[in-house]
Amino acid sequence: MLFPEYRARRLRQNEAFRSMVRETELSVKHLVYPMFILPGQKVRQEIASMPGIFRLSIDQAVEEAREVYALGIPAVILFGIPEKKDEIGSEAYASKGIIQRAIGALKKAVPDLLVITDVCLCEYTSHGHCGLIRNGEVDNDLTLEQLARTAVSHAKAGADMVAPSDMMDGRVGRIREALDEAGFSHVPIMSYAVKYCSSFYGPFREAADSAPQFGDRRSYQMDPANAREAIREAILDIEEGADIIMVKPALPYLDIIRTLREETHHPLAAYQVSGEYAMIKAAAKLGWLDEERAVKESLLCIRRAGADIIITYFAKEIAAKL
Ligand code: PBG
């Protein structure tokens, strides 16, 4: 049927029609809010390139977690800024480390809020790389043991789910094995399976103080040019035992989200990263974009591409408006 018999506008004429045929839903239930935790008491440091996002001491993070839960957001993902860094990132798995203490405090104060933890060494190593260095290179297999210890320490502290983001080979399998051995077979793994080497992480590295001190992350994070490789990475992680797979960043990689939605059957998460947040914030501040509409549209489009879960710094701000 062609025009004039077919008129696409018939079903767009009012909100009742539009909502009846709307294909994608955006709800607060799909959102995860990232939080940065640092040592101290009563500390709230706003991140310059991420207006509205703060580095918080544990007591402040507890208050924020209460707000997050009250808004209906089901989960937070935690990033830690430790007291001290060293070559091997030992604070990442210290039983009284910043994240381990934060998990305990959050679970105690807001037991029904899911606490997800980012498992990576970059915030904890003096050189800022996501793995251990041997002969000037990030050594994959040495790093696996540190990641496994870190994941187990998070589970012991009460984390509901761990999310490895380092992009070492074999880490999902090694973490699964270590969790199971330690009695945490019920703790799921959300794998940053498809994490690109992206310029859009810039503000995060300021927030987490985790920029590499030499070189870059191209020997472990993915080349933005590659899409077929994303399918291989995702399938490998699924075979190793990932429960949820993630694509990161989100908006510049919607084709990857769509491809993985079609090629795999696991729940799919997308991370709207710090640079994506900063771009919208900056344009809105200049009056160049309508912030609320831009945020809703970007999140809706990430859902439409195929993501079940969206990790976003906008979660709190947008929750009440959904
Ligand atoms: C690594 C990690 C990074 C992000 C999440 N986990 C940074 C990186 O790989 O450099 C980026 C998140 C963001 O930009 O919002 N632990």
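**Entry 1: Lys-84 and Glu-91.** I began with the salt bridge between Lys-84 and Glu-91, whose closest N and O atoms are 3.3 Å apart. By salt bridge I mean a side-chain nitrogen of Lys or Arg within 4 Å of a carboxyl oxygen of Asp or Glu. Lys-84 is exposed, with a relative accessible area of 53%, whereas Glu-91 is buried at 18%. My cut-offs are under 20% relative accessible area for buried, over 50% for exposed and partly exposed in between, with a 1.4 Å probe and protein chains only.

A note to myself on the source: this is a predicted model, where local features need pLDDT of at least 70 and side-chain atom pairs count only at pLDDT 80 or more, while totals for chains, interfaces and linings use all residues. Residues are numbered from 1 along each chain as its sequence is written, and side-chain values use heavy atoms, leaving out hydrogens and water.

**Entry 2: other salt bridges.** How many salt bridges does the structure hold? I find 21 of them. One is between Lys-316 and Glu-64, at 2.9 Å from N to O. Lys-316 sits in helix H11 (residues 315-319) and Glu-64 in helix H2 (residues 58-70), so this pair ties together parts that are 252 residues apart in sequence. Helices here are DSSP runs (H or I) of at least four residues, strands (E) are runs of at least two, and both are numbered from the N terminus. Lys-316 and Glu-64 are both buried.

I also looked up Lys-281 and Glu-291, which meet in a salt bridge at 2.7 Å, N to O. Lys-281 belongs to helix H9 (residues 274-285) and Glu-291 to helix H10 (residues 291-305), so the pair links parts ten residues apart in sequence. Lys-281 is buried, at 14% relative accessible area.

**Entry 3: Ile-311.** Is Ile-311 buried or exposed? Ile-311 is buried, with a relative accessible area of 0%, and its place is in strand E12 (residues 309-312). Leaving aside residues up to four places away in sequence, Ile-311 touches several others, including Val-32, Ile-77, Met-190 and Tyr-271; contact means heavy atoms within 4.5 Å.

**Entry 4: the ligand.** I noted ligand oxygen atoms at 2.7 Å from a side-chain N or O atom of Lys-195, at 2.6 Å from one of Arg-205 and at 2.9 Å from one of Gln-221. Taken alone, the ligand exposes 400 Å², and the protein buries 100% of that (Shrake-Rupley method, 1.4 Å probe).

Methods
A polar contact is a pair of N or O atoms within 3.5 Å; within protein, one must be able to donate a hydrogen and the other to accept it, and residues adjacent in sequence count only if both atoms are side-chain atoms.
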